[in-house]
Amino acid sequence: MARLAPLPIGAAPELKEMFEKQLKSNHYVANSQLIMQRKPKLVLAMRTLSAAVFDPEGEVSLGLKRLLAYVVARTHGCHY
């Protein structure tokens with residue numbers, strides 16, 4: 001459980017459009033991102049890192065990366 005409450009979408013205007021797109025495609029925005037929007041640059045940096053990790057041109061297949069992300073999340077109690 002997070003120690004900080006997630007902020008509503010739109011609390012950081014520069015992230016609103018990105019969150020709305022994510023909401024349309026995934027049907028949710030991760031609480032971690034809603035919490036981190038207190039520092040918008042942090043959200044953008046994490047998204048850049050995630051894009052690099054899940055780069056489809058990497059040596060490990062995208063399917064395996066997603067499976068590993070799921071297993072790690074479930075191991076830590078996240079309903080990824």
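Of the 80 residues in the protein, 20% are buried, where buried stands for under 20% relative accessible area, exposed for over 50%, and partly exposed for what lies in between, with a 1.4 Å probe and protein chains only. This is a predicted model, in which local features need pLDDT of at least 70 and side-chain atom pairs count only at pLDDT 80 or more, while totals for chains, interfaces and linings use all residues. Residues are numbered from 1 along each chain as its sequence is written, and side-chain values use heavy atoms, with hydrogens and water left out.

The predictor's confidence in each residue is given as pLDDT, from 0 to 100; its mean for the protein is 92, and 98% of the residues reach 70 or more. Confidence is highest in helix H3 (residues 40-53), at a mean of 95, and lowest in H4, at 92.

The protein has 4 helices and 0 strands, taken as DSSP runs numbered from the N terminus (H or I with at least four residues for helices, E with at least two for strands). The C-alpha trace spans about 35 × 25 × 20 Å along its principal axes.

Helix H1 (residues 13-26) has 14 residues and reaches 20 Å from its first C-alpha to its last, close to the 20 Å expected at 1.5 Å a residue, the expected span being 1.5 Å times one less than the number of residues. Leu15, Met18, Phe19 and Gln22 are buried in H1. They lie on the same side of H1 because they cover an arc of only 100 degrees around the axis, an arc taken from the directions from the helix axis to the C-beta atoms. The face of H1 turned away from this buried side carries the exposed residues Pro13, Glu17, Lys21 and Lys24.

In H4, the buried residues are Lys65, Ala69 and Ala73. Their arc around the axis is only 65 degrees, which puts them on the same side of H4. Leucine 67 is also found in this helix, H4 (residues 62-75), and counts as partly exposed because its relative accessibility is 48%. Together with Val60, Leu64, Leu68, Tyr70 and Val71, Leu67 makes a nonpolar surface patch of about 520 Å².

Cysteine 78 is found in the segment after H4, and counts as partly exposed because its relative accessibility is 39%. Its C-alpha atom is separated by 25 Å from that of glutamate 17, which is 61 residues apart from cysteine 78 along the chain.

Definitions and conventions
Patches are made of residues with over 30% relative accessible area and no salt bridge: like charges are joined within 9 Å, nonpolar side chains (Val, Leu, Ile, Met, Phe, Trp, Tyr) within 5 Å. Accessible areas come from the Shrake-Rupley method with a 1.4 Å probe; for residues, only the protein chains shown count as cover. A salt bridge is a side-chain nitrogen of Lys or Arg within 4 Å of a carboxyl oxygen of Asp or Glu.
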